[in-house]
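Let's take a walk through this model together. Have the coordinates open and follow along.

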Amino acid sequence: QTRMRRLRKWLGAGTLAALLVWAGAAPALAGTVVAAQFRSALLGRDWAYNVYLPTGYESGTLRYPVLYLLHGNGGDRDEWVRQGRIRETADALMAAGTIPPAIIVMPSAGTTWYVDMRELMESAFFDDLIPHVEASYRTLTTRDARVIAGHSMGGFGALYYALAHPDRFQAAGILSPAIYNPEPPPNSAARHVFSRPGAGGRFDLALWQGWNYPAQWEAFLRRRITVPIYLLAGDDDDLGAWDEAEKLYALLRRNGQPAELRIVDGGHGWVVWTPGIGGALQYIFRTVRAPAPG
C-alpha cells in the first residue's frame with residue numbers, strides 16, 4: 001500500500017508537464033545548450049562540459065542560480081541533453097514559472113564516480129569547475145543559489161557532494177542512485193571501478209565503503225546543515241536502486257532531514273530519468289534564490 005501511494009503521488013502537475021515535453025510539446029520559451037571546455041589544473045587536461053543558458057541570458061544582465069547535473073557511469077556531457085531532454089524540460093518548467101530561470105552545467109566525468117580515485121575529480125569539481133563556471137557565466141555565487149542532481153553514478157556523486165560539502169549546495173536531486181549499502185550487486189559497474197592499483201581489477205569492498213554515503217553520514221550530521229534531498233527510482237530497477245533510495249529516505253527522515261521519495265514504474269534507465277527529472281527540479285529549486293541584477 002505504501003508503494004502504491006508513492007506511485008500515485010509522483011504524478012504531480014510538474015511531472016505531467018515534463019511528460020508533455022518528453023512527448024514533444026513545444027514550450028513557449030527556449031534556452032540554449034552550449035558545448036564548452038576549459039583547462040583543469042588538477043586534472044591536468046581539458047575538461048568538457050555542456051551548459052544550458054535560459055531564455056534571455058544573452059541579451060540580459062541578470063545573474064542566475066546554477067544546477068550541476070551529473071551523468072551516469074561511462075557517460076558524458078551529452079547524456080542529459082540527448083537522452084534526458086533536459087533543455088526541453090527546463091524550458092517548460094521555467095516558462096510555467098514552476099522553477100526560476102537557471103543555468104545548468106553538465107560536466108563529463110567518465111567512470112570517476114566523482115571522487116578522487118582514478119582522477120582528482122572531486123577536488124577538480126570544487127577547485128576548478130565551480131570557480132570556472134562562476135567566472136565565465138553570470139551566476140549567483142552563494143550556497144542558496146547552487147543545487148546538484150544526477151542519476152545512477154551521478155546520483156552517487158550528487159549525494160556524496162551534498163553530504164561531504166553541505167555548505168556548497170542548497171538541495172540535491174538523486175535519481176536511481178548507485179549507493180549500494182553495504183556493497184554493489186554483481187551487475188553494477190562499480191565492481192569494475194572500485195579497485196586498487198595492482199589488484200588486477202578486483203573489486204575492493206573497503207575502498208567502496210570508504211567513499212559511499214554511510215562513511216560521510218556522521219560528519220554530515222555534526223555540521224548541522226540542512227540539505228533537502230529528492231529521491232526517485234524505478235520499481236523494476238535490476239540494480240535495486242529503489243531499495244537503496246527507500247533506505248536512504250528512511251535514514252534522512254529518522255534524523256530530521258527534509259526529503260521526498262518517489263518510486264515509479266520502470267527500470268534503471270531513461271524511461272525513469274527523463275520524465276522524472278521534472279519533479280526533482282521542482283523540489284530542489286523550491287528555496288533557491290531567484291535571478292537577480294548583476
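A residue is called buried here when its relative accessible area is under 20%. Keep that cut-off in mind, and bear in mind too that this is a predicted model.

You will find alanine 102 in the loop between α4 (86–95) and β5 (103–107). What does alanine 102 contact, leaving aside its neighbours within four places in sequence? The list is Tyr52, Pro54, Tyr64, Pro65, Met94 and Phe285. Arginine 146 is 44 residues away along the chain, yet its C-alpha atom and that of alanine 102 are separated by 9.7 Å.

Now to the sheet. Eight strands make it up, in the order β1-β2-β5-β4-β6-β7-β8-β9, and it is open, with mixed pairing. At the edges stand β1 (32–40) and β9 (259–264); each has a single partner strand, so one side of each is left without a neighbour in the sheet. From one strand to the next, the twist averages 20°.

Within that order, β7 and β8 (residues 229–234) pair in the parallel sense, over four bridges. Leucine 175 has leucine 232, in β8, as its bridge partner.

Two helices deserve a look here. Helix α6 (residues 153–164) packs on the sheet, where it touches β4, β6 (146–151), β7 and β8; the direction of α6 makes about 150° with that of β6. Helix α4 packs on the sheet as well, touching β1, β2 (45–53), β4 (66–70) and β5, and its direction makes about 35° with that of β2.

Finally, visit serine 188, in the loop between β7 (172–175) and α7 (190–193). Serine 188 counts as buried because its relative accessibility is 3%. Not counting residues up to four places away in sequence, serine 188 touches Tyr180 and Leu239.

Note on methods: Residues numbered from 1 in each chain as written. Predicted model: local features only at pLDDT ≥ 70, side-chain atom pairs only at ≥ 80, totals over all residues. Heavy atoms only, no water. Contact = heavy atoms within 4.5 Å. Buried < 20%, exposed > 50% of the residue type's maximum accessible area, 1.4 Å probe, protein only. Pairing = 2+ DSSP bridges. Axes fitted to C-alpha atoms, helices over the stretch in contact; angles between N-to-C directions.
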